[in-house]
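User: I would like to learn how to read some features of a protein model. Please take them one at a time.

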Amino acid sequence: MQKLTVLESRAVPLPTENIDTDQIIPARFLKSIDKKGFGENLFRDWRYSKTEEKNYEFVLNNPKYSGEILVAGNNFGCGSSREHAAWALTDYGFKVVVSSFFADIFRGNALNNGLLPVKVSEDFLKEILNGITENPESKINVDVEKQSITFNNRTETFELDPYKKICLINGYDDIDFLISRKENIRNFELKTQKVYE
């Protein structure tokens with residue numbers, strides 16, 4: 001995984017509430033176990049019509065919006081527990097998703113795949129959505145170490161599990177984290193072995 005320490009980026013506004021994982025990545029695209037390639041089908045049924053024509057009214061098809069941060073409505077990632085939703089978002093290029101509430105399983109899957117879900121207050125979410133809709137050039141600053149998000153000189157802090165924070169800052173998945181602690185594990189084993197000899 002890539003390291004995520006501080007990110008300053010433009011953002012894509014998606015004010016829809018209750019976006020579920022089937023809307024993020026429809027079930028018919030879940031045939032692969034490789035994480036690559038899911039981004040092209042992110043929000044597929046919203047990005048394209050049934051005749052496969054681009055829906056230019058949908059925000060991801062609007063060239064004025066871009067960036068590595070998706071700002072979504074309340075209750076993002078509800079529905080089924082598919083990890084592919086996080087894969088699709090990261091493969092598309094998003095590193096952070098901002099909302100006022102995340103489904104627990106989605107939150108865990110996102111963090112396990114290097115995607116940071118940032119929970120903000122409802123009024124701050126509205127301010128961000130309005131701000132980037134009116135001025136698509138505006139940027140959001142997310143600082144993982146400080147656990148803070150800043151937009152238009154307003155800052156809020158967000159909760160982040162200490163273990164997942166270490167993983168994000170260092171670009172670790174669970175295996176990388178264990179490997180980084182290899183020396184500590186070996187020393188513990190040696191101490192334990194001596195106790196039982």
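**Reading the model**

Analyst: A nonpolar surface patch of about 370 Å² is formed by Ile175, Leu178, Ile179 and Ile185. Accessible areas come from the Shrake-Rupley method with a 1.4 Å probe, and for residues only the protein chains shown count as cover. The model is predicted: local features need pLDDT of at least 70, side-chain atom pairs count only at pLDDT 80 or more, and totals for chains, interfaces and linings use all residues. Residues are numbered from 1 along each chain as its sequence is written, and side-chain values use heavy atoms, with hydrogens and water left out.

User: Which helix gives the most to the nonpolar patch?

Analyst: Helices (H or I, at least four residues) and strands (E, at least two) are DSSP runs, numbered from the N terminus. Here α7 gives the most, with three residues. Leucine 178 lies in α7.

User: Is leucine 178 buried or exposed, or in between?

Analyst: Buried means under 20% relative accessible area, exposed over 50%, and partly exposed in between (1.4 Å probe, protein chains only). Leucine 178 has a relative accessible area of 47%, so it is partly exposed.

User: Which residues of helix α6 are buried, and what do they pack against?

Analyst: An α-helix has 3.6 residues a turn, so residues three or four places apart point the same way. In α6 (residues 162-170), the buried residues are Lys164, Lys165, Cys167, Leu168 and Ile169. They pack against α4 (104-112), β4 (116-119) and α7 (174-180). Just after α6, glycine 171 has a positive phi of about 70°.

User: Which residues other than glycine have a positive phi?

Analyst: Most residues other than glycine have a negative phi. Glutamate 52, in the loop between α2 (44-47) and β2, has a positive phi of about 70°. Its relative accessibility is 45%, so glutamate 52 is partly exposed. Glutamine 147, in the loop between β5 (139-143) and β6 (148-151), has a positive phi near 55°. Glutamine 147 is at 16% relative accessibility and therefore counts as buried.

User: How many residues are in the largest nonpolar core?

Analyst: Nonpolar side chains tend to be buried together in soluble globular proteins. A nonpolar core is a set of buried Ala, Val, Leu, Ile, Met, Phe, Trp, Tyr and Cys residues joined through side-chain atoms within 4.5 Å. The largest has 27 residues, and those with the most contacts inside it are Ile24, Phe43, Leu70, Phe76, Leu89 and Phe106. At least two residues of this core come from each of β1 (6-14), β2 (69-72), α3 (84-92) and α4. With four residues, α3 gives the most. A second, separate core of 25 residues includes Leu4, Ala11, Val98 and Phe151.

User: Where is isoleucine 19 found, and which residues is it in contact with?

Analyst: Contact means heavy atoms within 4.5 Å. Isoleucine 19 is in the loop between β1 and α1 (21-24). Its relative accessible area is 1%, so isoleucine 19 is buried. Leaving aside neighbours within four places in sequence, its contacts include Leu14, Phe43, Trp46 and Cys78.

Methods. Patch = residues over 30% accessible without salt bridge, like charges linked within 9 Å, V, L, I, M, F, W, Y side chains within 5 Å. Salt bridge = Lys/Arg side-chain N within 4 Å of Asp/Glu carboxyl O.
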